[in-house]
Amino acid sequence: QVQLVESGGGLVQAGGSLSLSCAASGTIFSINAMGWYRQAPGKQRELVATISKAGSTNYADSVKGRFTISRDNAKNTVYLQMNSLKPEDTAVYYCKAAGKLDYWGQGTQVTVSS
């Protein structure tokens, strides 16, 4: 089992920045990639960014150049730095750990006001 605890998020004005973090515990040796997903009201959950154990990253087109995903393997933590935020970035952001099984965090709200 893997437990994921997210922190960060909140309310910010358009153009501002926020940082999310996700700390993993449990059978972390089973984790390969980690990532962030988001779900806005009335919409499906979508990929924001992923990062492999080796550090390879992948981003949704909508966040490229604005968001940066990183991980600290020593701390078993993945981060999402979000800059130049837009109102359409408003969503619940979820951390995911992928291995033999997928594990999800509880989600953290990000609200960007115009």
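Arg 38, Glu 46, Arg 66 and Asp 89 are linked in a network of salt bridges (a salt bridge being a side-chain nitrogen of Lys or Arg within 4 Å of a carboxyl oxygen of Asp or Glu). The model is a predicted one, in which local features need pLDDT of at least 70 and side-chain atom pairs count only at pLDDT 80 or more, while totals for chains, interfaces and linings use all residues. Residues are numbered from 1 along each chain as its sequence is written, and side-chain values use heavy atoms, with hydrogens and water left out.

The structure holds 5 salt bridges. In one of them, Asp 89 meets Arg 38 with N and O 2.9 Å apart. Asp 89 lies in the loop between β8 and β9 and Arg 38 in strand β4, so this pair ties together parts that are 51 residues apart in sequence. Strands here are DSSP runs of E with at least two residues, helices are runs of H or I with at least four, and both are numbered from the N terminus. Asp 89 also forms a salt bridge with Arg 66, and the closest N and O atoms are 2.7 Å apart.

Is Asp 89 buried or exposed? Its relative accessible area is 1%, so Asp 89 is buried (buried means under 20% relative accessible area, exposed over 50%, and partly exposed in between, with a 1.4 Å probe and protein chains only). Arg 38 is buried as well, and Arg 66 is buried at 11%. Leaving aside neighbours within four places in sequence, Asp 89 is in contact (heavy atoms within 4.5 Å) with Arg 38, Arg 66, Phe 67, Ser 84, Val 110 and Val 112.

A further salt bridge joins the side chains of Asp 102 and Lys 96, at 3.5 Å from N to O. Here Asp 102 is partly exposed at 45%, whereas Lys 96 is buried at 15%.

Attention now turns to the aromatic rings. A search of the whole structure finds 2 aromatic pairs; rings of Phe, Tyr and Trp (its six-membered ring) pair if their centres lie within 6.5 Å, and planes under 30 degrees apart count as stacked, over 60 as edge-to-face and the rest as tilted. The rings of Tyr 37 and Trp 104 have centres 5.1 Å apart and planes at 70°, so they are edge-to-face. Tyr 37 belongs to strand β4 and Trp 104 to strand β10 (residues 102–104), so the pair ties together parts that are 67 residues apart in sequence. Trp 104 is partly exposed, at 35%. Trp 104 also pairs edge-to-face with Tyr 94, with centres 6.5 Å apart and planes at 85°.

Finally, the largest nonpolar core has 30 residues, and Leu 4, Met 34, Trp 36, Leu 80, Met 82 and Tyr 93 touch the most other members (a nonpolar core is a set of buried Ala, Val, Leu, Ile, Met, Phe, Trp, Tyr and Cys residues joined through side-chain atoms within 4.5 Å).
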